[in-house]
There are 2 protein chains.
Amino acid sequence: MPKMTPDRLDHIFSALADPTRRAILARLALGTTSVSELAEPFQMSGPAVTKHLKVLERAGLIIRGREAQFRPCTLDAAPLKEATDWLERYRRFWEESFDRLEEYLQEVQTNGEKDVRGSSRDK
Amino acid sequence: MPKMTPDRLDHIFSALADPTRRAILARLALGTTSVSELAEPFQMSGPAVTKHLKVLERAGLIIRGREAQFRPCTLDAAPLKEATDWLERYRRFWEESFDRLEEYLQEVQTNGEKDVRGSSRDK
DNA sequence: AAGTTAAATAACCGAATGGTTCAATGCCAA
DNA sequence: TTGGCATTGAACCATTCGGTTATTTAACTT
């Protein structure tokens with residue numbers, strides 16, 4: 001019931017789980033820029049963008065600077081390498097997945113449905 | 001202003017953002033198994049595991065079957081390919097990151113008076 | 001000194017998460 | 001048929017998330 005120490009991957013993956021944040025990263029791939037320029041494509045208040053930036057910062061995906069009244073954001077893609085490194089361990093599964101899954105689904109479809117939720121009546 | 005249609009990547013990345021679910025995937029990499037065997041390593045109630053499985057299912061990462069009173073889970077790693085495909089677009093950034101980031105941090109720490117507005121375009 | 005602009009904070013809100021317990025369902029076995 | 005096991009469902013709870021508006025801080029501009 002206490003919370004476990006959040007893994008770095010938790011922060012990285014959950015930062016990537018939001019389309020706004022992925023779009024921000026895409027913009028930052030074009031170069032360092034200010035918060036208001038980052039906010040511009042979204043119809044969203046400034047503070048909302050600030051919060052997204054905090055999430056990205058917590059994940060280590062951006063580095064913030066200070067220049068006059070601006071707080072420029074710079075992409076730091078290093079954590080994305082951690083994410084891919086984790087995903088790499090599963091590569092063989094999606095490469096083999098045709099065989100394995102087809103085999104499994106074949107077996108299941110002979111006597112079952114793909115339905116899972118909903119009230120399951122006896123058959 | 002309400003919620004935008006959730007991207008597939010949203011579901012995939014947020015499924016991966018939890019250590020319990022990553023552990024479940026790791027176990028499933030060893031082969032199809034039942035819910036209670038999946039639950040065994042965790043100090044967590046059954047329904048909690050069921051909820052995690054629903055999240056994984058929503059992300060398309062597992063396929064559920066029926067076998068007597070068991071509901072076996074099988075890994076489907078295909079969505080992980082989508083995730084890596086997305087991440088691949090940033091590979092060059094973490095490969096170059098030494099140069100770019102060092103350069104940036106150097107620049108910021110020595111003299112913080114470079115213009116950041118419209119860094120990649122003329123204003 | 002006053003005003004403008006960039007951004008962050010604070011306080012708030014509704015919805016989603018991650019967990020719980022207790023009850024129901026489906027399936028097998030004695 | 002009765003009982004037990006595997007699993008899900010329902011209701012509940014605390015926390016987090018993603019957004020809002022209003023206020024505040026900081027730096028430039030006039």
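This is a predicted model: local features need pLDDT of at least 70, side-chain atom pairs count only at pLDDT 80 or more; totals for chains, interfaces and linings use all residues.
Visitor: Hello! Where in chain B does B:Thr33 sit, and is B:Thr33 buried or exposed?

Guide: Welcome! B:Thr33 lies in the loop between helix H2 (19–28) and helix H3 (35–39) of chain B. Its relative accessible area is 6%. Buried means under 20%, so B:Thr33 is buried.

Visitor: How many Å span the polar contact between the side chains of B:Thr33 and B:Glu37?

Guide: The side chain of B:Thr33 has a polar contact of 3.5 Å with the side chain of B:Arg27. With the side chain of B:Glu37, the polar contact of B:Thr33 is 3.0 Å.

Visitor: Over in chain A, is A:Arg27 buried or exposed, and with which side chain does A:Arg27 make a polar contact?

Guide: A:Arg27 belongs to helix H2 (residues 19–28) of chain A. Its relative accessibility is 14%, and the cut-off for buried is under 20%, so A:Arg27 is buried. At 2.7 Å, its side chain makes a polar contact with the side chain of A:Glu37.

Visitor: On to the DNA: which residues come nearest to DNA strand D, and how much of what comes within 4 Å of the protein is sugar and phosphate?

Guide: There are 24 residues around DNA strand D, and those that come nearest are A:Ser45, A:Lys51, A:His52, B:Ser36 and B:Arg64. Among the atoms of DNA strand D within 4 Å of the protein, the share of sugar and phosphate is 74%.

Visitor: How many Å separate a polar side-chain atom of B:Ser36 from a phosphate oxygen of DNA strand D?

Guide: Let's take the phosphate oxygens with a few side chains. An N or O atom in the side chain of A:Arg21 is 3.1 Å from one, and a polar side-chain atom of B:Lys54 is 3.4 Å from one. For B:Ser36, the distance is 2.5 Å.

Visitor: Which helices each supply at least two residues of the surface near DNA strand D?

Guide: By class, that surface has seven nonpolar, eight polar and nine charged residues. The helices that each supply at least two of its residues are helix H4 (46–58) of chain A, and H3 and helix H4 (46–58) of chain B.

Visitor: How do H1(A) and H5(A) lie relative to each other?

Guide: The axes of helix H1 (residues 8–16) and helix H5 (residues 78–88) of chain A are 10 Å apart, at an angle of about 100 degrees. In their contact, A:Ile12 and A:Phe13 are among the H1(A) residues, and A:Ala83 and A:Trp86 among those of H5(A). By class, this contact has nine nonpolar, no polar and two charged residues. Angles of 65 to 115 degrees count as roughly perpendicular, so H1(A) and H5(A) are roughly perpendicular.

Visitor: Last one: which residue caps the N-terminal end of H1(B)?

Guide: In helix H1 (residues 8–16) of chain B, seven of the nine residues are buried, including B:Leu9 and B:Phe13. These buried residues pack against H1, H2 and H5 of chain A as well as H2, H4 and helix H5 (78–88) of chain B. At the N-terminal end, a side-chain oxygen lies 2.8 Å from the backbone nitrogen of B:Leu9, and the capping residue it belongs to is B:Asp7.

Key:
Residues are numbered from 1 along each chain as its sequence is written. Chains are lettered from A and ligands numbered from 1 in the order in which they are written. Side-chain values use heavy atoms; hydrogens and water are left out. Helices (H or I, at least four residues) and strands (E, at least two) are DSSP runs, numbered from the N terminus. Buried means under 20% relative accessible area, exposed over 50%, partly exposed in between (1.4 Å probe, protein chains only). A polar contact is a pair of N or O atoms within 3.5 Å; within protein, one must be able to donate a hydrogen and the other to accept it, and residues adjacent in sequence count only if both atoms are side-chain atoms. A residue is near a molecule or strand if one of its heavy atoms lies within 4 Å of it. Ala, Val, Leu, Ile, Met, Phe, Trp, Tyr, Cys and Pro count as nonpolar, Asp, Glu, Lys and Arg as charged, and the others, Gly among them, as polar. Axes are lines fitted to C-alpha atoms, for helices over the stretch in contact, and angles run from 0 to 180 degrees between N-to-C directions. Angles under 35 degrees count as roughly parallel, over 145 as roughly antiparallel, 65 to 115 as roughly perpendicular and the rest as oblique. Contact means heavy atoms within 4.5 Å.
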